[in-house]
Amino acid sequence: MSATTTSGRQGRLLTLWTPEDKTFWEREGEAVAKLNLWISVPALFLAFAIWQVWSVVAVSLPGLGFKYSTNQLFWLAAAPALSGATLRIFYSFMVPLVGGRRWTAISTASLLIPAIGIGFAVQDNTTAYPTMLILALLCGLGGGNFSSSMANISFFFPKERKGSALGVNAGLGNLGVSVVQFLSPLVVTAGIFGVFGGDAQTIVKNGQTAQVWTQNAAFIWVPWIAITALAAWFGMNDIADAKASFAAQAAIFRRKHNWLMCVLYLGTFGSFIGYAAGFPLLIKSQFPGINPLAYAWLGPLVGAVIRPFGGWLADKLGGARVTLWNFIVMAVAVMGVTVFLPSGGNEGQFAGFFVCFLVLFMTTGIGNGSTFRMIPVIFLTEAMRGVDPRNTAAVAQANKEGNTLGAATLGFTAAMAAYGGFFIPKSYGSSIALTGSPHAALWTFFAFYLVCIVVTWWHYARKSAAMPC
C-alpha cells in the first residue's frame with residue numbers, strides 16, 4: 001500500500017489515478033477525490049457570486065443617482081454572461097493543459113479584479129457607463145470558472161459517481177447566485193469594513209432618507225476569494241493522466257454528441273443563469289409595486305439546491321429519461337408565466353407568475369444535473385465500443401480517451417450554455433422595447449424547449465436511440 005501511494009504521488013501531482021479500479025478507489029481514491037471536490041465547491045460558489053453580482057447592483061444604481069436607461073441596466077445584467085460564456089470556451093481546455101489545481105487557484109484569484117473594481121466604482125454616481133460595462137464584462141471571469149471546474153472534477157470520480165459528484169459541485173456552486181441576491185441587500189445596510197470600505201451613499205426610499213454602502217455587495221467577497229485561492233493551491237491535486245494537448249481535446253468538435261449536448265445544456269443551464277440574471281429586473285419592470293430583491297434570490301436557490309438531486313436521479317433512472325420529462329415540464333411552466341404576466345388592461349398576478357418561475361428554476365436545476373450526467377456516460381460508452389474488455393491496455397486507453405473528451409465536452413457545452421445568461425435578459429429588454437411586454441421572449445423560449453424535447457427523445461431517450469443514456 002505504501003509503495004503504491006508513494007509511487008502514485010509527486011507533491012500535489014497524482015501520477016497514478018484509476019478511479020474505475022474499485023480497490024484503488026476504496027483504498028485511497030475516494031478520499032482524495034472528495035477533498036478536491038470540497039475545495040472546488042467554494043471556489044465555484046465564489047465564481048458564481050461574482051458572475052451574478054450585477055443582477056443585484058444593476059437594480060440599485062438608479063436609486064444611487066446613476067442616470068442609466070432601463071435597456072442599459074439590462075445590458076449590465078446581461079454583459080457578464082456574454083463575457084463569461086466566451087471565456088468558458090477557453091477555460092474548457094485549460095485543466096488538461098495547466099492542471100486542475102493550478103488553474104483553480106489562478107482563476108479563483110482573478111475574481112479579485114472585478115470584486116475590488118466594482119466596490120470602488122459604485123461609490124461615485126458620476127462613473128461613466130462604459131466603465132461600468134467593462135466591470136460587468138470582467139465579472140465574466142467568474143462565469144468562465146464553471147467549465148474548468150466541472151472538467152476538473154469529472155476526472156476524479158468513476159463513471160457511476162460522476163453524476164452525483166458533478167451535481168454537488170455545480171449545485172452548491174450555483175448557490176452563489178442565490179446567496180449574492182439574498183446577502184447583498186443585507187450587507188449594504190452597514191459600514192462593515194469601517195474606514196477600509198469607503199463612505200456611505202445617501203438614497204431616498206419610500207420618502208425617507210437612508211444611508212447604504214453599496215460597495216459592500218462586491219467587497220464582501222474579497223477575503224473569501226483570497227482564502228479559497230490559497231486553499232486550492234495548497235490543498236488540491238493535479239492528475240498526470242488528465243494532461244492532454246488542445247489537439248486531443250479538439251476532437252470533440254468532430255463529434256455529433258458534443259453539439260447535441262450543447263443544445264440540451266443551453267436549455268437547462270442557459271435557462272438557469274439567464275433567468276437568474278434577468279429575474280430582478282423582470283419583476284421590477286412588470287410588477288413595479290413589488291420589491292424584486294425580496295423575491296428574486298429564491299429562484300436561483302431552488303435551482304441550485306435541487307441540481308445534485310437531478311444528478312442523483314439521473315444516476316438512478318438514466319439521464320435521458322430525466323432530461324426528456326424535465327423539458328416537458330419546462331415548456332408547460334414557461335407557458336404558465338405568460339398567463340400571469342400583465343397584458344393589456346390586465347395588471348397580472350404576481351403570485352402565479354412567481355410560482356411558475358419557481359417551477360422553471362426547479363426544472364433548470366434538475367435538468368442541469370441530468371444533462372451533465374449524460375455527457376461523460378456518452379463519451380465513455382462511445383470510446384469503449386468495439387474494445388475487447390480482456391485487453392487491459394486497450395481498455396485503459398479507451399477510458400482515458402472517453403474521460404478526456406467527456407471533460408472537454410462538459411466544459412464546452414457549459415460555455416455554449418452560458419450564452420443563455422446573456423440572451424434571456426437581453427431578450428426581455430428587446431421584447432419590452434419593441435412590444436411593451438416580455439411575452440414575445442417567453443414564447444421564443446417555449447419553442448426552444450420543444451426543440452430540446454425532440455432532440456432528447458430522438459437521440460437518447462427512445463427505445464431504438466443510437467446512444468441510450
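Helix H14 is mostly covered, with 25 of its 31 residues buried. The model is a predicted one. H14 does not run straight: at Phe-279 the helix bends by about 45 degrees, and a proline, Pro-280, follows within four residues.

Tyr-265 lies in H14, which spans residues 256-286, and pairs with Phe-372 in helix H17, residues 350-384; the two partners are 107 residues apart, so the pair links distant parts of the chain. The ring centres of Tyr-265 and Phe-372 are 4.3 Å apart and the ring planes stand at 20 degrees; the pair counts as stacked because planes under 30 degrees apart are classed that way. Tyr-265 and Phe-372 are both buried. In total, the structure holds 45 aromatic pairs.

The charged end of Arg-307 sits over the ring of Phe-372, at 5.2 Å from the ring centre. Another case of a charge and a ring involves Arg-462, which lies over the face of Trp-458, 3.6 Å from the ring centre.

How buried is Thr-371? Its relative accessible area is 0%, so Thr-371 falls under the 20% limit for a buried residue. Leaving aside residues up to four places away in sequence, Thr-371 touches Met-261, Leu-264, Tyr-265, Thr-268 and Thr-323. Tyr-265, the stacking partner of Phe-372, is thus among the contacts of Thr-371.

H17 also holds an aromatic pair within itself. Phe-350 and Phe-353 both lie in this helix, three residues apart, about one turn of the helix. An α-helix has 3.6 residues a turn, so residues three or four places apart point the same way. The ring centres of Phe-350 and Phe-353 are 6.0 Å apart and their planes are at 35 degrees, so this pair is tilted. Both Phe-350 and Phe-353 are buried.

The axes of H17 and H18 come within 8 Å and cross at roughly 145 degrees, and the crossing is right-handed. On the H17 side, the residues that meet H18 include Phe-372, Ile-375, Pro-376 and Phe-379. On the H18 side, the contacting residues include Val-395, Ala-398, Gly-402, Gly-406 and Thr-409. Phe-372 therefore takes part in the stacked pair with Tyr-265, lies under the charged end of Arg-307, and belongs to the H17 residues that meet H18.

Terms used: Residues numbered from 1 in each chain as written. Predicted model: local features only at pLDDT ≥ 70, side-chain atom pairs only at ≥ 80, totals over all residues. Heavy atoms only, no water. Phe/Tyr/Trp six-rings, centres within 6.5 Å; stacked < 30°, edge-to-face > 60°. Helix = DSSP H or I, 4+ residues; strand = E, 2+ residues; numbered from the N terminus. Buried < 20%, exposed > 50% of the residue type's maximum accessible area, 1.4 Å probe, protein only. Lys NZ or Arg CZ within 6 Å of the ring centre and 35° of its normal. Bend = angle between axes of the 7 residues up to and from the residue. Axes fitted to C-alpha atoms, helices over the stretch in contact; angles between N-to-C directions. Left-handed = near helix turned anticlockwise from the far one by under 90°. Contact = heavy atoms within 4.5 Å.
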